[in-house]
Amino acid sequence: EISISGFVVSCTSMASLLVRLGSLATLSLALFRRTARRHDQYRIGISKDMGKKIASCGSLHDKAASRENAGPSQYTLTEEQPKYCCVILTGPNGTLFMEQRGSDAKIAAGRLTCFGGKVEAGESPDLCIRRECREELGWEPAGSLRRAVDLYVDGELIAWFYEAPAPKDMTSLRFEEGRNGVFLHDLASEKISDWHSVVLNAWSKGNSRADFIGTKIK
């Protein structure tokens with residue numbers, strides 16, 4: 001009988017211990033889940049924060065790229081009437097067809113320039129460049145002309161530069177006395193007049209405004 005009673009007591013103690021262990025396990029599981037949720041929330045918060053930082057970096061990168069692309073290329077061609085009009089004649093294989101001026105020329109003597117000249121009273125820029133081409137080449141561009149670059153000297157508008165394909169038939173051209181036409185490959189050539197060199201440099205970079213500092217006509 002004593003043995004049975006002791007066995008009952010032992011079972012009761014064991015059951016009580018198991019209940020306590022069960023409660024402890026439940027509490028531990030609850031704590032674990034709470035900690036896990038907090039960890040997930042923290043991780044999500046970090047991810048969102050990092051996402052914002054990454055987005056911010058991307059935004060800064062875009063702004064930097066925008067600033068890098070800003071400048072003269074965003075210049076809008078002016079409607080102000082110019083004193084001169086010229087045309088950039090594009091030839092085959094990236095060449096330009098330019099005027100070789102005579103050594104006795106009043107402006108840019110012995111230098112290479114784009115074809116063109118001074119706008120006459122009451123004359124539109126389009127009519128001016130066509131007339132100049134007829135006088136200097138015995139030829140004029142077909143169809144409409146595309147505006148390319150505006151030249152400013154000391155901040156003052158001097159010339160509109162158009163762009164058009166060069167003549168294909170060289171044998172039919174008639175140049176003014178003492179002048180000739182040549183195809184040029186090197187835009188950095190020192191033979192190009194200063195004003196026109198500045199224009200061609202801007203044009204080659206896709207810019208629509210060229211600025212020359214110095215009032216002397218070259």
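Welcome to a predicted model, where local features need pLDDT of at least 70, side-chain atom pairs count only at pLDDT 80 or more, and totals for chains, interfaces and linings use all residues. Residues are numbered from 1 along each chain as its sequence is written, and side-chain values use heavy atoms, with hydrogens and water left out. Helices (H or I, at least four residues) and strands (E, at least two) are DSSP runs, numbered from the N terminus.

**Helix 3**

- Helix 3 covers residues 194-204, and its buried residues are W195, H196, V199, L200 and A202; buried means under 20% relative accessible area, exposed over 50%, and partly exposed in between (1.4 Å probe, protein chains only).
- Looking down the axis of helix 3, these buried residues fall within an arc of 160°, so they line one face of the helix; the arc is that of the directions from the helix axis to the C-beta atoms.
- That buried set packs against strand 1 (84-90), strand 2 (96-100), strand 3 (112-113), strand 5 (146-153), strand 6 (156-165) and strand 8 (209-212), where contact means heavy atoms within 4.5 Å.

**Strand 2 and its partners**

- Strand 2 is mostly covered, with four of its five residues buried.
- Strand 2 pairs with strand 1 in the antiparallel sense over two bridges, and T90 has L96 as its bridge partner in strand 2; two strands pair if DSSP finds at least two bridges between them.
- Strands 1 and 2 form a hairpin with five residues between them, and N93 in the turn has a positive phi of about 55°.
- With strand 7 (residues 180-184), strand 2 pairs in the antiparallel sense over five bridges; here M98 has V182 as its bridge partner.
- Strand 3 also pairs with strand 2 in the antiparallel sense, over two bridges, and L112 is the bridge partner of Q100.

**Salt bridges**

- The structure holds 15 salt bridges, each a side-chain nitrogen of Lys or Arg within 4 Å of a carboxyl oxygen of Asp or Glu.
- One of them joins K83 and E156, with the closest N and O atoms 2.8 Å apart.
- K83 lies in the loop between helix 1 (2-69) and strand 1, and E156 in strand 6, so the pair ties together parts that are 73 residues apart in sequence.
- R131 forms a salt bridge with E132, with the closest N and O atoms 3.2 Å apart, and both residues are buried.
- E120, E123, R131, E132 and E135 are linked in a network of salt bridges.
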